[in-house]
Amino acid sequence: MTTVVPKAKPKSRAKPKPRLKRRKPDPIKAWVKRLDRTRPGLMDYVLEGLAAFYDRPFWERRWDPTAELVLTILTQNSADTNAERAYISLRAAYPSGGPVQVHRPGPGWGGDGLPDGADPDWLAVEHAPTEELIEVIRTGGLPVAKAKGIQAALRFIREQRGDHSLEFLGEMPALEARDWLTRIPGVGKKTASVMLLFCFGLPLMPVDRHVERVSRRVGLLPKETAHTDPHDVFLAMLRADQMYEAHVNLIRHGRLVCHAQRPEHERCPLRDRCRFVDPKAP
Ligand code: SF4
């Protein structure tokens with residue numbers, strides 16, 4: 001008789017515990033926390049210093065939002081005065097006969113302000129031969145890209161909405177409105193934020209080259225290598241009621257004192273805490 005030896009049960013292997021994934025820290029939150037800890041009160045210092053130097057700007061609606069969007073596209077990589085010239089040519093080439101618009105550029109605008117006049121006929125601009133539109137806006141600089149950008153924007157708006165009006169954006173929460181606008185080809189966060197801030201007072205912070213230069217020099221923004229979008233860093237650092245003032249006064253400062261070349265440190269109200277002047281500034 002043969003003895004049956006029961007097979008040894010395979011040793012049960014303990015299941016490896018699932019590794020808890022560490023959430024990556026949000027670099028924007030981390031930056032804001034760090035700035036609060038290492039340089040407390042810096043944003044208030046900048047806002048107060050600039051308000052004492054320039055004044056506190058008050059918001060008023062600049063003008064029609066579609067006009068503002070087109071004008072902002074015309075200002076991309078060009079002086080505001082050139083954009084104004086191109087916009088005046090648009091009005092002359094595609095007259096609409098509509099109501100007269102008053103342009104209230106406010107402080108921070110680098111041009112003279114546009115004369116009162118009706119908006120161009122947006123449908124005519126959208127359907128104009130692109131070569132023709134390029135010639136019309138040539139004085140604004142980069143006419144090929146801008147003509148294509150303006151026509152694409154007008155087409156997108158009409159296809160989505162049935163006409164070219166953007167007044168509906170004023171009823172939306174700020175970030176939703178910005179997301180809607182940035183779906184337009186060629187419209188980024190800066191252009192969208194300019195339009196929504198100046199036409200509706202929505203709490204957004206446009207960051208152009210002047211705002212960015214001053215802010216990086218003082219140390220309000222992390223180094224460019226931090227891969228954070230300055231628009232979103234500012235949204236995390238500012239209260240809603242501070243955004244218009246911060247944008248306008250930082251632009252003024254970049255244009256008038258903190259120039260790209262030869263910034264005028266000696267007459268700057270921010271010099272005591274500016275990291276460009278003193279890398280160990282408090
Ligand atoms: S101290 Fe100089 S670098 Fe710093 S913000 Fe003022 S002008 Fe710009």
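**View 1. The contact between helices H3 and H7.** Leu 69, Val 70, Ile 73 and Leu 74 of H3 meet Lys 146, Gly 149, Ile 150 and Ala 153 of H7, where two residues are in contact if their C-beta atoms, placed from the backbone, lie within 7 Å, and where helices (H or I, at least four residues) and strands (E, at least two) are DSSP runs numbered from the N terminus. The residues of this contact divide into six nonpolar, one polar and one charged, with Ala, Val, Leu, Ile, Met, Phe, Trp, Tyr, Cys and Pro counted as nonpolar, Asp, Glu, Lys and Arg as charged, and the others, Gly among them, as polar. The model is predicted, and local features need pLDDT of at least 70, side-chain atom pairs count only at pLDDT 80 or more, and totals for chains, interfaces and linings use all residues. Residues are numbered from 1 along each chain as its sequence is written.

**View 2. The axes of H3 and H7.** The axes of H3 and helix H7 (residues 143-161) come within 10 Å and cross at roughly 160°, which makes H3 roughly antiparallel to H7. Axes are lines fitted to C-alpha atoms, for helices over the stretch in contact, and angles run from 0 to 180 degrees between N-to-C directions; angles under 35 degrees count as roughly parallel, over 145 as roughly antiparallel, 65 to 115 as roughly perpendicular and the rest as oblique. The crossing of H3 and H7 is right-handed, a crossing being left-handed if the near helix is turned anticlockwise from the far one by less than a right angle, and right-handed if clockwise.

**View 3. The packing of H3 against H4.** Helix H3 (residues 65-75) packs with helix H4 (residues 80-93) at an angle of about 130°, the axes lying 8 Å apart, and H3 is therefore oblique to H4. The crossing of these two helices, H3 and H4, is right-handed. On the H3 side the contact is made by Leu 71, Leu 74 and Thr 75, and on the H4 side by Asp 80, Ala 83, Ala 86 and Tyr 87; by class, these are five nonpolar, one polar and one charged residues.

**View 4. The packing of H8 against H9.** Helix H8 (residues 174-182) and helix H9 (residues 189-200) have axes that come within 9 Å and cross at roughly 125°, so H8 and H9 are oblique to each other. H8 passes H9 in a right-handed crossing. In H8, Ala 174, Ala 177, Arg 178, Leu 181 and Thr 182 meet Lys 189, Ala 192, Ser 193, Met 195 and Leu 196 of H9, a contact that has six nonpolar, two polar and two charged residues.

**View 5. The surroundings of the ligand.** The ligand is surrounded by 14 residues, of which the closest are Cys 258, Pro 263, His 265, Cys 268 and Cys 274; a residue is near a molecule or strand if its C-beta atom, placed from the backbone, lies within 6 Å of it. By class, the shell around the ligand has ten nonpolar, one polar and three charged residues.
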